[in-house]
Amino acid sequence: MIAPDWRLQALPGVGERSVQRLHRLNIYTLADLLLHLPIRYEDRTRLRRIADLSAGERALVEGAIAWSEVAQGRRRRLLCRISDGSGQLDLVFFNYPPKTAERLQRGLWLRCFGEVRAGYGSLQMVHPEYKRVKPGDTDRLSEALTPVYRSTDGLHQKKLRSLVDVALELFAQHGQDHLDGSMLPESGWPGLLEAFQQIHRPSPETDTQALLEGRHPAVQRVAYEELLAHHLTLRRYRLNLHAAATAPVLDGGEGLAGQLRDTLPFELTAAQLRVDSEVAADMAQPSPMLRLLQGDVGSGKTVIAALACARAIGSGYQAAVMAPTELLAEQHWRTLSSWLIPLEVELAWLSGSASTAQRRSAMQSLAAGRAGVAIGTHALFQEAVEFFRLGLVVIDEQHRFGVNQRLALKEKAGSVEPHQLSMTATPIPRTLAMTIYADLDVSLLDERPPGRGEVKTVAVSSARRDEVIERIRGALLEGRQAYWVCTLVEASEELDAQAAEETAEELARELDECTIGLIHGRMAAAEKERAMAQFAAGEIELLVATTVIEVGVDVANASLMIIDNAERLGLAQLHQLRGRVGRGSSASSCVLMYHGPLSAVSRQRLEVMRETTDGFVIAERDLQIRGPGEFLGSRQTGDLGLKVADLSRDKALLDTVQRVAGRLLTEQPDVVEALIERWIGEAQRYGQV
Ligand SMILES: Nc1ncnc2c1ncn2[C@@H]1O[C@H](COP(=O)(O)OP(=O)(O)OP(=O)(O)O)[C@@H](O)[C@H]1O
C-alpha cells in the first residue's frame, strides 16, 4: 500500500460530489490519480515581456492597468489594458461578474496567464486567469510546468492539480519502489516517484513533447510498471486456477468423441488432432481449462469445439457454445446439429428469432439435463439460462469478448467451474497474445484442411468497376457464387444498410440475369437467416452484404468476393472477409476495389493482402503498420483498462514484462502482491479490468 487509506474519500476536501466526478474520469484510487496523465503543459515558471509575445502562445505576463472600460456592443464586455513598460496587452472579459469591473481599476498590478491573440491593433487575452500581485514579486512563480488534465464538468484544473499534489506527497512518504534496475528494460530510467514527479511536475527544461507522446523515460517507466501489473494479475489468476480443483474431470467422453470422428465426412488434419488432444488433456484435469484456440480463417475450429462438446457430454456434463452474432450462432447450430444429432445428442437452440415457446422448451430441456449442448449468442446466455450440469463453455471469437465477459461466464456453473475453450480466427502475434491473454493457454491450428483452392487477390481502382461486373457475370455463368461486400462508409448502421440496399438494386440492374440477395445488420434475424440459407443452398447467386458476414460464414461454392471500398478496412478485417472464399476445392479470387488515391497505409495494407493469405504473417505485418489498436479493435485494447501504457507504442516493453513477471512469480511473490494491489486492486477490481 502506498498510503494508509488509499481511497479518494480519505483526501482532504474531497466530498461525495467530487468522488462522483472523479469516477467519471475513471479515477477510483490515488493510484488512478497518478496514472491520470496531463494532456498538455503550461509554462508559468517565468514572466514574459509583453513586447516579446506573439499570437497563439500561452504565456504568463504582468503589468499595471493603464485603463479599463466597459464597452457596449453586441455583447457587453470589459476591456482592460495592462502595460509592463515593454508593451501593452488588452484583457477582454465577457459575461463577467459585476464585481470584476469595480475591482480592475487603473494602476493595479496584475499577473495574467492566458492565450495571446491578435486583437484590434494590439495583442489581447480573452478571459485570462489573473491575480493581483506586488510589482517585482516573483518569489511565488511556479517552479515546475503546470499540467493540464482531461477533466469533467464541475472539476476544475486547480482541484485536480491539488489532488495530484496530495497523491504525489503521499507516494513520496509511503510509496515504495518495488522494481530495482535489474527488473527494468533499460538502465537510466527514473525511479517510480521521480517518474511521477517528472510527469506531473516537470521542470521547465523538460522535453514535454516526449512526455505527451509517451516516449519520455518517465512515461515509459510508468507504462512498464502498469503492463507488468496487468500481466501479473492474469498470470496469478491462472496459477491460482490451476491450483484449485474446482472443475469437473471430463475424461469419460472418448467413446462419443471417437464416434464423432468416425462419422465426420473428412479426416482431421494433424493440427486438429494435436489441438484436440491438448483440449482433451485439459478437460481431464480437475482444474478448469482456460484455453484459447487460435486458428486462421477456415482452419476448421468448429470440429474442435464439437469434439470438446462430445467429451463433456460423454462424461455426463453439458456444454454451451456462444457466438458473437446471431448469424454465427445459427451456423454453429446447423453444423453441430448435423454432426451430433446422429449420435443422439439433443441440442438446445437459443435463437433470438425463435418464439417464446420454443425458447422456453429449449431452456427446460437444458435445465432438466436432456439437452447436451446449448447454442446461442452471448446476449442470450446472459438471460436466465439454467443448466443441469454445465461442464464446458466454448466461446467463439475471443477477441470480441472482453476479460470481464470471460470471467462473468463462470457464474453459470454454480460451485463448479466449467472448462473454457475460446476460439479466435484472428491470429495474434505471440508476444501480444502472451501479454494480454496471459491467463489462457494457447493452441494453434496452423494448417488448412487439404484440397482447398488458392485465393488470388487483386486490388483494382473503382474506375474499373465495369470490368469487375463482367468478372462476376463470368463466375456466375460458370455456376459459382459470389459476395459483394459493402464496407462501412457511413457512421450509422442504418445509412450503411441503405447504401447496401442501393448497391444491391444497382447490381440487379447491371446483372439482370442473376439472382441477387441482400444481407445487412438492420435486417431481422429471421430474414438474415433466410438470406444466408438461400445463399448456402445456391438459390442466391450473388450476395450483397455489409461486413456482418465477416466471421464464420461458410459456403464452399462461393469463389469470388468483391470488397468495395477495401481501403477503409484494417488488415484483420480484410483477412476475415477474404476467408469467406477459398473454402471449396476450386480456385477463388478476391477483388479489393478502392476509391480515390490511396494513403500510404492503405496502399501497404492492400499490398500485404496481395502478397499473402497467411493470417499469422498478416497479423505481424498489421502490428508493424498500425499497432494493436486497430489490429484487435479499439474495444479490445480499451477493455484491457490500461491507462498509461499503449500496446502499440510500448510493444518493445512486452518481452521484458514477461521475463520479469516470470521471475517475480517464482522468486518474489510479495512484490507480485504489492504491484497487483497497488495498480489493479482487489479481486473485484480485476473484474472491472
Ligand atoms: N480436416 C478437414 N478436412 C476437410 N475439411 C474440413 C476439415 N476440418 C474442417 N473442414 C471444413 O472446413 C470448413 C471450415 O471449417 P470451420 O468452419 O470450422 O472453420 P473455422 O476455423 O471456423 O473458420 P472461420 O474462422 O473462417 O469461420 C468447414 O466446411 C468444415 O467442415
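Trainee: In what order do the seven strands of the open sheet run, and is the pairing parallel or antiparallel?

Mentor: First, the ground rules. This is a predicted model: local features need pLDDT of at least 70, side-chain atom pairs count only at pLDDT 80 or more, and totals for chains, interfaces and linings use all residues. Residues are numbered from 1 along each chain as its sequence is written.

Now the sheet. The order is β11-β12-β10-β13-β14-β9-β15, and the pairing is parallel. Strands here are DSSP runs of E, at least two residues, and helices are runs of H or I, at least four residues, both numbered from the N terminus. Two strands pair if DSSP finds at least two bridges between them. The edges are β11 (347–350) and β15 (441–445), each pairing on one side only. On average, neighbouring strands are turned by 20 degrees against each other, direction ignored.

Four bridges join β11 to β12 (residues 373–377), and the two run parallel. Here L347 stands opposite V373 of β12. Helix α12 (residues 356–367) lies across β10 (318–323), β11 and β12, at about 140 degrees to β11. Such angles run from 0 to 180 degrees between N-to-C directions, with axes fitted to C-alpha atoms, for helices over the stretch in contact. Contact means C-beta atoms, placed from the backbone, within 7 Å.

Definitions and conventions. Contact = placed C-beta atoms within 7 Å.
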